Every structure is written in C-alpha cells, then in structure tokens.
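Open the structure in your viewer and follow along. Each stop says what to select and what is there.

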Amino acid sequence: MRTKSVGKKKINVVTLGCSKNVYDSEVLMSQLKANGKEVVHEDRGDIVVINTCGFIDNAKEESINTILDYVEAKNRGEVEKVFVTGCLSERYKPDLVKEIPDVDQYFGTRDLPMLLKHLGADYKHELVGERLTTTPKHYAYLKISEGCDRPCSFCAIPLMRGGHMSTPIEKLVLEAQKLAKKGTKELILIAQDLTYYGLDLYKKRALGDLLKELVKVEGVEWIRLHYAFPSGFPEDVLDIIREEPKVCNYIDIPLQHINSDLLKSMKRGTTHEKTDALLGKFREKVPDMAIRTTLIVGYPGETEERFQELKDWVREQKFDRLGCFTYSHEENTTAYVLEDDIPQEVKEARVEEIMELQSQISWEKNQEKVGKIFRCIFDRKEGNYFIGRTEYDSPDVDNTVLVSAEDTYISIGEFAEVKITLAEEFDLYGELV
C-alpha cells in the first residue's frame, strides 16, 4: 500500500542522445527543483522521465529499449509512472502510443510546460537561464539556438526540433554569468547549427557578436565551439578565435563527405573545392586550430571510387579529431526516396577503414606533442590517473591527458601546466611542471 504523498515523489530524469538533450534535461530539472520537487539524474525515482533521441537507427533502438525497461519496472511496481519526452517522442508519438501504451504520457521537444504540468509543477518564466547541471561543475553546455533550417537530405533533426530559433545574446550572457558564479570555467557552445546563429533575430550571422560578449564574463576561461555548418561560415569568428585567449583554438565542423556529387545529393550547399578552400582559410587564419569533423559513409550512391576519394582526402587533410558514422535511411527525409544501396556490412567496413586511418593520423599528431607543455583542465580521477584535457579537446569525444596520481595531486576542475612525456593514438601522458 502506497503511503507517499504526491509532493514526496522523487523524479528520475534519464537522458539519451546528444549534448542538446543533456541541456534540455538540465532545464527540466531546474524547473522541477524550483517547484519543490525532489529530482535526480539517472538514479532511482518513483517517477521516470526519459529524454529520448531519435536521430539514427542505433539511437532510436537505445531509446525504445530504455522505454521498455522502465515500462517493465513500472509493471513490476518498482516505479509509479513513466513519461517520455524528446526527439523520438516528437517524431514517432502516434506509433509509440500504439506500440508502447503503458507509458503514462508522451511529449515532444517543445512541450516543457505541458510535461511540467503532468509532473505537478508550473513553468517558471523567471528561471530562464537556470539549469541543474549534470556535467562536472567546471564545464557546461550553452545551447545558443534550437532547431535547424538547413535542408540536408539525410537529416531528420528539423522534423524533431523544428525550425531555427536563436536565443538572444543578452539571455545567453546572463546564463553564462549564472554558470560562472557556480564555478563553470569552460562553456561549450552547442546548437543544431552555430553558423546560422543570429540570422533570425539580427538579420545577420551573429556568432562573432555573441563571442565578444561571452568573453567578458568573469570566471569563464575557455569557450569552445561545437557543430558549425560549413556553408556560410562567418569568417569574423576566425579572427576572434585567433585573437581572444578565452576562445579555444578548436572547432567542430561536421563535413559529412567530400565527393561533390554526394554533397549535392546531401544538399550540403558546398563542393569538394569549396570545402578545401574553407579548411585552408581556417588554417591560414588560425594556424594552431584543432579541427574536429564527422563523416557519413554508405550514403546512397557512394561507389567504391567515391569512398576512395573520401579516404584520400582524410589522409591529405589530417584532421585533429574525426568521427565516422554509417548512413541511416531515415523516413520522411528527402534522401529516403533514394535506394539505400550500400549493404550494412560494407558501410561498417568503411567506417573501420576511415577510423583506422584516423587512428594513425592521430598517433602521428600526438607524437609531435611529446616534450611540449600544455595548459590542461582536469575533469576527474580514474584509478591511478588524473584525467585532463587541452584546449584542443572537448569532453567525452576527444583526446585526454593522463597524469599519475601516485605522486601528484591535482584538484578536479582546476587548470595545470603539463609536459607531455608519452603519446598514444588518443591519449597523452604527462607530468606537472
């Protein structure tokens, strides 16, 4: 027999997918806490809210399996209610209601006030910019816009997140100030598309204007740029990266492919030649910049010859960081009318080829760092090592710097100068100086 009152129910928020989802979960948790609710992140709770991802097949499968696990827990009496929100729910709500009816309610990506109402809470407008961060307190994601207006043929994000909406500069500065007061030293700027920032509000690309204001925030020491679209990239940003010490010499720019015919089919608005020219400009204006990119292999029409063009280009460009994914044939995207003509095993073999090539490139680049000194921020301690990062590395996706904890102490969340003594493919080992 249940004896808990509604007000005493603990709400467990479970986050799946990308950093944009992490941000959304943090906003939800902040609202719940302000309403006097007890809220935890990926822990035990009476009520579960699952923030889902619906981007590609693997992500959808993980989200569905997580929903099913919690529905089973509900049926066993271990949790009382299960709510589902996020991208999968936005995109497939009618199907989910039909296939998994035991979920108490499904919500889309922009249904936060309605979700709160079902959780016995009110949406508090005065909390704009407030978040209950789930990352270590020294770094935080700052989502500068929502949605996307790009027409990329393979991408379902506009179906799930809607059109592009920039957050005003003054609101982002206020949010950054609040984070800094709580100890945040590194801001990771995220969006579906950083390049487009400001066009809707200011009738111009305003990422540079935003950066000029964010660097004034006291306490923030690193600002990192994630998910910049190559077409229409605002070149004034390169000058700011070069001249402003707080803006990391780092950019994440998903290029997806290099064959001009495939880029045209993907509706990326660029070509092989234009992409090379842009990368040349990056390296000319910011010679010390680390460039991260992501690629898709197995897109319809990717012949062996076109794949070899991609491999040769990766070998030639020598990206500092690179991720590679298999093409996922997503319904309601414009590429869905094309024949998904590359067998899955060929797609996966191509990913392995690209990543093996990148592993060698990364090893060679890391050898050049041996003997050099880098300013690092330390995220955690694992076993006998403190784990840190240089300004050229983003958390969870890039290289790490390991310093022995046996004869050294480093405060988590603090910066330290480290001399690199050994380098592997994706890890650097060093000692404090």
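**Stop by stop**

Start with helix α3, residues 87-99: this helix lies across β3, β4 and β5. Against β4, α3 runs at about 125 degrees. Keep in mind that this is a predicted model.

Next, select the strands. Five of them form an open sheet, with parallel pairing. Read across in the order β2-β1-β3-β4-β5. The edges are β2 (38-41) and β5 (105-106). Each has a single partner strand, so one side of each is left without a neighbour in the sheet.

Zoom in on β1, residues 10-15. How many bridges join β1 to β2? Four bridges do, and the two strands run parallel. Pick Ile11 and look across to β2: the bridge partner there is Val39.

Colour the lining by element. Two or more residues each come from α1 (19-34), β4 (81-86), α4 (112-118), β7 (145-146), β8 (165-166) and α6 (169-181). The largest share, six residues, belongs to α1.

Last, colour the lining of this second largest pocket by residue type. Eleven residues are nonpolar, eleven are polar and ten are charged.

Terms used
Residues are numbered from 1 along each chain as its sequence is written. This is a predicted model: local features need pLDDT of at least 70, side-chain atom pairs count only at pLDDT 80 or more; totals for chains, interfaces and linings use all residues. Side-chain values use heavy atoms; hydrogens and water are left out. Ala, Val, Leu, Ile, Met, Phe, Trp, Tyr, Cys and Pro count as nonpolar, Asp, Glu, Lys and Arg as charged, and the others, Gly among them, as polar. Two strands pair if DSSP finds at least two bridges between them. Contact means heavy atoms within 4.5 Å. Axes are lines fitted to C-alpha atoms, for helices over the stretch in contact, and angles run from 0 to 180 degrees between N-to-C directions.
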